[in-house]
Amino acid sequence: MTDNVLQIEGASKDRGNLRVLDAVSLSVAPGERVALLGHNGAGKSTLIKAILGLITLDGGRIDVAGATPGSAPARAATAFLPEAVSFHPALTGREQMTLFSRLAGARADVSALLERVGLADALDRRIGTYSKGMRQRLGLAQVLLGRPRVALLDEPTSGLDPISRQDLYDIIDELSGQGTAVLIASHALTEVEARTDRIAILRRGVLVADDTLAGLSARAGLPIRLRLRASADADAVAARTGGRRINGASVEILCSPTEKMDALRRVAAMGEAVADIDIAPPRLEDLYRHYAQEVPQ
Amino acid sequence: MTRFLAITRTEMLILRRNRWLVVTTLIMVLFALALTFAGSAPTGTLGVDMLTVSVASMTTLSVYLAPLLALMISFDAIAGEADRGSLALVLSYPAGRGEVLLGKFTAQLMALGFAMTVGFGSAGAVAAWSGGAGADSLIALARLICTSVLLGAVFLTLGYLLSALAPSATAAAGMAAGLWLVFVVLYDLGLLGAVVMDQGGAFTQSVFPWVMVANPADAFRVWNIAASDGVALSSGMVGAARALPDWAAPASLLVWPVLGFAAARAAFRRVEP
């Protein structure tokens with residue numbers, strides 16, 4: 001139980017009459033990558049600020065590397081990448097990183113870190129001339145300072161092109177490889193799907209899901225989608241399989257995971273009438289919609 | 001302990017990089033020189049050297065300029081970082097809020113000190129070279145520079161206080177302009193009105209000098225004038241300063257930066273980035 005480097009128990013926060021965090025419990029073990037998903041205003045950033053000790057909770061407790069959020073040991077153990085980060089435009093990338101390295105008390109090789117995130121050419125240029133993606137990379141470079149035990153990344157992919165995103169997830173893997181617990185707040189569902197160990201979903205301050213992708217799928221019981229292309233008469237195929245015709249030649253069948261093989265056998269028995277078949281398991285997007293938009297009863 | 005120095009070093013870099021230091025020093029030099037030459041006329045009639053007259057003129061200048069320059073750099077210190085989104089990041093590092101504030105204060109005070117020393121120093125040198133100077137007037141010049149830096153320190157801390165209270169950097173700039181107007185202009189006008197109404201009664205005799213010296217800008221004026229007979233003579237402002245004990249003005253000017261910093265620190269503690 002205590003081997004979790006980040007432990008959140010029943011965290012609650014009120015802003016006026018609005019409860020922005022409602023008894024959120026979540027834990028992250030060393031080396032684990034957890035995605036924190038939710039709509040804008042679901043409480044992701046509030047939760048991250050609470051972990052950083054920048055805001056005080058109205059209930060519950062958070063434990064960061066065995067210390068209270070905001071205390072000196074907790075801050076020394078934590079790295080943070082804010083959403084849409086920006087720095088003083090008059091400083092160069094190297095100067096900004098040198099400041100962070102001194103603040104962290106880390107004797108870091110600033111040039112090597114900036115090279116690692118692909119900013120080698122922009123080391124001595126002013127941050128004012130950087131693109132949004134470059135500022136984001138600079139923000140990422142400071143996360144790598146001094147081997148943090150917990151890394152909190154708030155929308156790390158915003159403003160990054162697809163190749164940079166790939167680099168970002170490589171860096172996240174590297175962090176988790178060295179034993180850092182990584183919490184990623186994100187909207188970019190498809191990447192999170194492939195590159196995280198566990199997914200937590202916040203809806204209006206309530207944690208509605210906290211499981212692996214497979215676990216979430218099983219619990220949601222979302223249907224698998226079979227899409228058939230008929231060779232001749234789509235209506236006949238629809239009638240025989242109990243599916244629904246969706247355009248001139250295609251039929252869609254929705255079935256639960258347990259009925260999948262039955263449905264496939266029926267399709268196979270139809271022989272030449274079916275020209276092609278496509279099987280789509282529920283994607284994270286469907287799961288996300290299921291958990292995040294479900295209206296509370 | 002080295003963490004606040006890291007902030008100081010970066011802030012110094014920013015002040016140099018964005019030309020604030022050069023422009024401010026230039027403003028100080030130009031104003032000080034202009035006043036020295038414009039104010040050189042009464043030298044003969046008063047029987048004091050030109051540097052003394054120059055210090056008296058520059059004292060009046062500094063009352064307006066030192067708070068203004070200090071507020072101009074300090075209003076952005078917290079609100080500006082909050083606007084850029086870098087405040088949360090800086091505060092997630094092991095440096096405490098007090099260290100961050102102290103780092104910025106040290107850098108900006110050094111920058112102000114540089115501008116004051118070069119500005120008043122060069123004007124003083126010109127005055128001494130063209131119209132003579134004595135030990136007395138040189139001490140008055142040194143006092144002017146030191147007290148100007150102290151006055152700047154007061155308004156730096158008040159600027160941080162506003163910066164921590166304001167919802168945005170723009171609001172902080174507006175509040176800083178208001179604060180300057182209150183301390184430097186309206187406060188004195190209000191006191192003047194009260195003295196006129198009172199017509200030399202108990203208020204004017206015993207309360208007024210203390211209320212006046214409670215304002216750091218007036219304390220600065222009183223300190224410079226009361227300490228030097230020559231300066232007092234050439235500025236024509238003697239009466240109020242004589243009613244106070246010698247320690248009153250220095251005490252006010254020394255206590256204000258401490259109070260201001262404590263207030264700014266307390267307000268900064270409550271900022272949620």
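This is a predicted model: local features need pLDDT of at least 70, side-chain atom pairs count only at pLDDT 80 or more; totals for chains, interfaces and linings use all residues.
Residues are numbered from 1 along each chain as its sequence is written, and chains are lettered from A in the order in which they are written. Local features need pLDDT of at least 70, side-chain atom pairs count only at pLDDT 80 or more, and totals for chains, interfaces and linings use all residues, while side-chain values use heavy atoms, without hydrogens and water.

Chain A comprises domain 1 (6-218) and domain 2 (223-281), with bounds taken from an automatic or database domain assignment. The centres of these two domains of chain A, taken over C-alpha atoms, lie 44 Å apart.

An open, antiparallel sheet of three strands in chain A has the order S2-S1-S4; strands (E, at least two residues) and helices (H or I, at least four) are DSSP runs numbered from the N terminus, and two strands pair if DSSP finds at least two bridges between them. Strand S2 (18-28) and strand S4 (59-64) of chain A form the edges, each pairing on one side only. Strand S1 (residues 6-15) of chain A joins S4(A) through five antiparallel bridges, and A:Glu9 has A:Arg61 of S4(A) as its bridge partner. Helix H1 (residues 44-52) of chain A packs on this sheet, touching S1, S2 and S4 of chain A, and its direction makes about 115 degrees with that of S1(A). Here contact means heavy atoms within 4.5 Å, and angles run from 0 to 180 degrees between N-to-C directions of axes fitted to C-alpha atoms, for helices over the stretch in contact.

A second open sheet in chain A has six strands in the order S5-S6-S7-S3-S8-S9, with mixed pairing. Strand S5 (78-81) and strand S9 (206-211) of chain A each have a single partner strand, so one side of each is left without a neighbour in the sheet. Strand S3 (residues 33-37) and strand S7 (residues 181-186) of chain A run parallel and are joined by five bridges. Helix H11 (residues 284-293) of chain A lies across S3, S8 and S9 of chain A, at about 35 degrees to S8(A).

Turning to the interface, 23 residues of chain B contact 28 residues of chain A. The buried area, about 2,500 Å², is the accessible area (1.4 Å probe) that the two parts lose on being put together, summed over both. Two salt bridges link chain B and chain A, each a side-chain nitrogen of Lys or Arg within 4 Å of a carboxyl oxygen of Asp or Glu. B:Arg17 and A:Glu95 meet in a salt bridge (2.7 Å, N to O).
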